[in-house]
Amino acid sequence: MSTVSEPLAPSAAARAVRVTRSRRRTWWLGLLALAGVAVLGFLPYVAFSSTTNLLVNVFILIIMASMWNLLAGYAGLVSVGQQAFIGLGAYSILIFAQHGVNPFLGLPLAVLVTAVIGVPAWWLVSRLRTAYFAIATWVIASVCYLLIVRFPSLGGGTGTEIPGALLTMNSNLRLAYTYWAALIVLVASVGGIYILLRSRIGLVLTAVRDDEIAARSSGGRVGRIQQIVFVVAAAGCGGAGALLAISQLNVEPTAAFSVLFSAQMIFATIIGGIGTIEGPIIGAIIFYALQQSLASHGAWYFIILGLVAIAVALWARRGLWGLLADRLNIRVFPVGYWLWPPGQGRRHATQDRTSPKPGSP
Amino acid sequence: MTWVNTIIQGVLLGGLYALFACGLSLLFGVMKVINLAHGDLAVVAAYVALGVITVTHVPALWSVVLVVPIFAVLGYVVQRTLIQSSLNRGPLNTLLVTFGLSIVIENALLQFLSANSHSIPGGTLVTASFNLGSQIQIAYLSLVIFVVAVAVLLGLQYFLSSSKHGRLIRAVADDPEAAQLAGADYRHVFGIAAAIAFATVALAGFAFGLYSQFDPTSGTDLLLFAFEAVVIGGLGSLWGTLAGGVILGVVQQIGAQINPQDQILAGQLVFLVVLVLLPQGITGQRRTA
């Protein structure tokens, strides 16, 4: 497999090799994505609020799954404790609201708060790998829950509603604002991850995925970059939690810190395709569709999606998008590179594979 | 005197945690696998024992005779199918598969058996206790669980160091490929290790069902306690696991003594402190995680 990091020794040959981000031109897919966002932005003017409410929940799941995918699919950090930051994001909204801050202004503050908390949390877990890392994050989530329920002013073990502006404002306006806030956080999350992965950070992460020791010895600041990824994922999940609190108008500690959030983001990412930006988006939509159709059957959708995720992890590791992208040769968010040898057509292009093999050493 | 009582209760509780932890420790030691469904399997064992008792009306302890072998067979089968195929695909996949299993088990229990909590009817064994002095009351059940835990750890230690299969397991744990070249089928040996681990999980789940109430969501806490005991004690040492369980039990009881709400929190804070200050655990063996 030929990658851009290979020495391209003779400079003449190097000049002749063309490097592109994708095999086909995909600018039209980018335009389509922008148009899609614009259409989604107009939706509150034309659609019923039941539709936009449903989309808010889909957006939140996409944000969470994308953040988990950034951690596990790109940085190799399998967290089972992202619900810590979801809960803390939700409770940040509550605390700000109790001090008279409008929740929609509290949203960016909540993102900031969870990012700041992500720094010491990273310090606790940074030396751990694989299962150790997973369970340590889980313990941190449990500690956050146990600390929060100690405060009667935050509703203790039963939770409380968000006071202030959300209750007094016009409900149609509130729903529209909630929808736009969710859309903004979604675009910022997916766009932010895309930019992050196309930067030097993405390059180092790819190098770590292929060979961590080689990446370290050629000067990649691996620990620093994993820290950045962890803090970004903490902030993103904090934003998702804040949106949940705003859309539900209350916070409830067992729900806010539930490990089922981890299950949702993991299953959605695995089914959609881990290690691609598109995968978690597709997975989240599938997850939500199934959740809606099985809502009256209690816990069934977790059972079914869990079994599907296990099957995908074992037998179709690149998920749905992995299968689609190979067949159709498209990338909506190209973060890898294609090499074009001099004087040859497109069929000779070789790819620096963007999809990691989950679990490869 | 209350504090002496607290510590004694904590030590006895630690026996239960060590019993939970030894299966986790064994699987990690042999295959470098942390089974995230560990706690949920214990809960399933408790439900199966409860079912056996309800249907056949045998005394509680007899159900162990049925449940433990069932889980040993289940462990072998799960290892040879799910875990082995995820092992072949790398450590991240093992985590995802066992986490998926954990969520599926928990929700299946919720779906079929409701969220109500149960306990295994153990009769006089559960309620009987004896006094040491005026303030220390020791429940027979706690003492029996502690003794069983120590016996299981002793048995495992003896099995691993002296028996033919135990030596095979250690050989495979050191280097599966070399063991394979020397004629050992490492998949079969992994299966045996998993069978033993699942049998201890079943025993621990049964003990937990006697000791306290359980419901479909109890598994999460049990997994975290077992893992904390393993990490506090230090990896790869069964006696470290017992020490880790006892430390966790004592810390939890002290936390509960200060404020009943703080039992679990105290244990988890101590776990995080150990993680930061003594990443190798208190037994301090230099093993890479």
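This is a predicted model: local features need pLDDT of at least 70, side-chain atom pairs count only at pLDDT 80 or more; totals for chains, interfaces and linings use all residues.
In chain A, let me start where two helices meet: A:Ile270, A:Ile271 and A:Gly272 in H13(A) are in contact with A:Gly319, A:Leu320 and A:Trp321 in H16(A), where contact means that the C-beta atoms of two residues, placed from the backbone, lie within 7 Å. Helices here are DSSP runs of H or I with at least four residues, strands are runs of E with at least two, and both are numbered from the N terminus. The residues of this contact divide into four nonpolar, two polar and no charged, counting Ala, Val, Leu, Ile, Met, Phe, Trp, Tyr, Cys and Pro as nonpolar, Asp, Glu, Lys and Arg as charged, and the others, Gly among them, as polar.

Residues are numbered from 1 along each chain as its sequence is written, and chains are lettered from A and ligands numbered from 1 in the order in which they are written.

How do the axes of H13(A) and H16(A) cross? They come within 3 Å and cross at roughly 20°, the axes being lines fitted to C-alpha atoms over the stretch in contact, with angles from 0 to 180 degrees between N-to-C directions. The two helices are therefore roughly parallel, because angles under 35 degrees count as such, over 145 as roughly antiparallel, 65 to 115 as roughly perpendicular and the rest as oblique.

Chain A as a whole has 16 helices and five strands, and 39 of its residues are in contact with 34 residues of chain B. On the side of chain A that touches chain B, H6(A) gives the most, with 11 residues, and by class that side has 29 nonpolar, six polar and four charged residues.

Turning to chain B, 14 of the 16 residues of H10(B) are buried, so this helix is largely enclosed by the rest of the structure; a residue is buried if 20 or more other C-beta atoms lie within 10 Å of its own, exposed if 12 or fewer, and partly exposed in between. H10(B) is followed by B:Gly234, whose phi is positive, near 100°.

Finally, leaving aside its neighbours within four places in sequence, B:Ala46 is in contact with several residues, among them B:Ile120, B:Phe206 and B:Phe214.
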